[in-house]
Amino acid sequence: MRLLHAKNGRVQEKSCFFKYYKWFLWLSLSLYLFSSYFITNNNPPNKPTSLTKTRVSNAKTILASRALFESTNASHLQESTDDQGLLKDLKIFVYELPPNYNTDWLTNERCTKHLFASEVAIHRALLNSDVRTFDPYEAHFFFVPVYVSCNFSTINGFPAIGHARTLISSAIQLISSEYPFWNRTQGFDHVFVASHDYGACFHAMENVAVADGIPGFLKNSIILQTFGVKYKHPCQEVENVLIPPYIPPETVRTTLENFPVTGRRNIFVFFRGKMEVHPKNISGRFYSKRVRTVIWRKFNSDRRFYLRRHRFAGYQSEIVRSVFCLCPLGWAPWSPRLVESVVLGCVPVIIADGIRLPFPSAVNWAEISLTVAERDVGNLGTILEHVAATNLSTIQKNLWDQRNRRALLFNNQVQEGDATWQVLLSLAGKMDRSHESSSRGSRVSS
């Protein structure tokens with residue numbers, strides 16, 4: 001009897017346990033659904049994030065990431081559809097040149113990673129692109145893959161690309177002797193890359209570049225170049241597409257895995273690079289038109305400014321922790337810092353009068369960057385404090401839109417919205433230059 005009583009007691013205990021357990025589960029589920037509804041309806045997804053001058057809290061980081069994702073998703077689909085329509089009919093023929101014009105230089109690892117490496121990345125992306133055609137008679141454009149920046153040497157501290165004109169001229173002689181396409185338009189529908197300081201002038205020093213001008217054999221062609229200004233300049237007096245300098249996308253991904261763009265930013269103003277008057281400035285002019293020298297002399301001891309003159313391999317970890325990143329001109333107006341700042345979420349402060357910026361239809365530069373006149377560089381502290389106290393959070397929200405990052409990075413295969421994609425869109429807008437489009441128009445009209 002004792003054993004039977006114990007057994008029946010355990011059954012009754014189990015029954016009570018399950019009864020209360022089911023009640024507890026029901027109550028927990030009800031509270032969960034109620035709290036989820038309450039949170040969703042009291043936290044609008046597009047509410048902008050409020051930031052302090054130099055840091056972001058963990059809670060605000062979560063809200064910012066969610067807001068950025070949800071606010072940009074709706075318009076992105078329509079833009080993608082429109083872009084795909086523009087590229088649907090574009091055809092590009094890529095010349096297969098002997099390796100001494102391009103791939104032989106890839107034995108030097110620097111060629112695929114330095115700031116001029118867009119010439120390599122664009123070539124690689126086109127080889128695997130849907131716009132590539134193997135039938136030159138249906139092509140709208142002809143890409144000539146000559147790596148002139150990959151193999152530059154250094155003379156007296158300056159990059160020397162004096163070989164570029166001879167190399168490109170030789171390539172043109174080769175393709176014009178083996179194919180009819182250069183001669184029928186005199187290169188009007190042929191595309192080259194000039195990814196160094198003064199682009200189509202093929203020289204690193206402005207006075208020499210201007211004196212030499214654009215080689216006559218390239219004046220009819222389309223040049224993809226990093227150099228661009230809003231005023232009249234001999235080195236952009238050719239049909240051109242302005243492209244960003246090259247930053248390896250894999251280094252950006254690695255940095256962002258360790259330091260998310262919406263993470264803590266404890267550096268107010270950042271710059272690492274050459275700051276003083278260059279001792280080998282043989283032209284007698286100040287390097288960077290003296291802008292960097294003024295920055296160093298005035299703000300080196302200012303605790304708000306984190307200025308460094310020496311190279312540091314992990315400097316991207318400094319950019320991603322900075323609120324403002326200075327992008328002053330160097331020898332030329334453009335700088336790789338412009339791209340690095342955008343892709344790592346640091347507000348670029350552009351100090352280069354008259355600079356023309358790449359892909360303005362894809363990157364709304366006015367909403368994600370600051371422009372400071374060269375003459376006002378001495379007032380940087382006051383200017384940036386004012387921005388930090390007023391509309392910094394709005395600028396950062398715009399800047400952290402991942403479409404900006406995508407549009408400024410080159411990949412070895414074309415990705416929708418990336419830098420090569422933007423180049424193709426620009427070329428699609430110039431299809432009236434192509435012999436194929438002209439011939440097709442003549443056939444239709446007749």
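Me: What makes Arg308 count as a charge that sits over the ring of Tyr306?

Reply: In this predicted model, the charged end of Arg308 is 4.0 Å from the centre of the Tyr306 ring. The cut-off for the distance is 6 Å, and the charge must also be within 35 degrees of the ring normal, so Arg308 is listed as sitting over the ring of Tyr306.

Me: What distance places Arg433 over the face of Phe188?

Reply: Arg433 lies 3.7 Å from the ring centre of Phe188, a value to be set against the limit of 6 Å.

Me: Why is Asp302 called buried, and what does its side chain contact?

Reply: Asp302 has a relative accessible area of 18%, and buried means under 20%, so the residue is classed as buried. Asp302 is found in the loop between helix H8 (291-299) and strand S9 (305-308), where its side chain makes a polar contact of 2.6 Å with the side chain of Arg304; the limit for such a contact is 3.5 Å.

Me: Why is the pair of Tyr95 and Tyr179 called edge-to-face?

Reply: A search of the whole structure finds 15 aromatic pairs. For Tyr95 and Tyr179 the ring centres are 5.2 Å apart and the planes stand at 65 degrees; because pairing needs centres within 6.5 Å and edge-to-face needs an angle over 60, the pair is edge-to-face. This pair links distant parts of the chain, with Tyr95 in the loop between strand S1 (92-94) and helix H3 (118-127), and Tyr179 in the loop between helix H4 (164-178) and helix H5 (181-185), 84 residues apart.

Me: What makes Phe268 and Phe324 an edge-to-face pair?

Reply: Their rings are 5.4 Å apart centre to centre, with 90 degrees between the planes, and the class is given to angles over 60. The pair links distant parts of the chain, Phe268 being in strand S8 (residues 267-272) and Phe324 in strand S10 (residues 322-328), 56 residues apart. Phe268 is buried at a relative accessible area of 7%, and Phe324 counts as buried at 0%.

Me: How do you know that S10 is largely enclosed, and which strands pair with S10?

Reply: Seven of the seven residues of S10 are buried, so the strand is largely enclosed by the rest of the structure. S8 and S10 pair in the parallel sense over three bridges, and five bridges join S10 to strand S11 (residues 347-351), again in parallel; the criterion for pairing is at least two bridges. Among the bridge partners are Ile267 with Ser322 in S10, and Cys327 with Ile350 in S11.

Me: Why are S1 and S7 said to stand at the edges of their sheet?

Reply: The open sheet has five strands in the order S1-S2-S5-S6-S7, with parallel pairing. S1 and strand S7 (240-242) each have a single partner strand, so one side of each is left without a neighbour in the sheet. Neighbouring strands of this sheet are turned by 25 degrees against each other on average, direction ignored. Strand S6 (residues 222-225) is joined to S7 by three bridges, and Leu224 stands opposite Val241 in S7.

Me: How do you know that the buried residues of H7 line one face of the helix?

Reply: The buried residues of helix H7 (residues 249-258) are Pro249, Val252, Thr255 and Leu256. Seen down the axis of H7, these residues fall within an arc of 125 degrees, so they line one face of the helix. On the other side of H7, Glu257 and Asn258 are exposed.

Me: Why are the phi angles of Phe202 and Arg290 worth a remark?

Reply: Most residues other than glycine have a negative phi. Phe202 has a positive phi of about 55 degrees although it is not a glycine, and Arg290, also not a glycine, has a positive phi of about 75 degrees.

Note on methods. Residues are numbered from 1 along each chain as its sequence is written. This is a predicted model: local features need pLDDT of at least 70, side-chain atom pairs count only at pLDDT 80 or more; totals for chains, interfaces and linings use all residues. Side-chain values use heavy atoms; hydrogens and water are left out. Helices (H or I, at least four residues) and strands (E, at least two) are DSSP runs, numbered from the N terminus. Buried means under 20% relative accessible area, exposed over 50%, partly exposed in between (1.4 Å probe, protein chains only). A polar contact is a pair of N or O atoms within 3.5 Å; within protein, one must be able to donate a hydrogen and the other to accept it, and residues adjacent in sequence count only if both atoms are side-chain atoms. Rings of Phe, Tyr and Trp (its six-membered ring) pair if their centres lie within 6.5 Å; planes under 30 degrees apart count as stacked, over 60 as edge-to-face and the rest as tilted. Axes are lines fitted to C-alpha atoms, for helices over the stretch in contact, and angles run from 0 to 180 degrees between N-to-C directions. The arc is that of the directions from the helix axis to the C-beta atoms.
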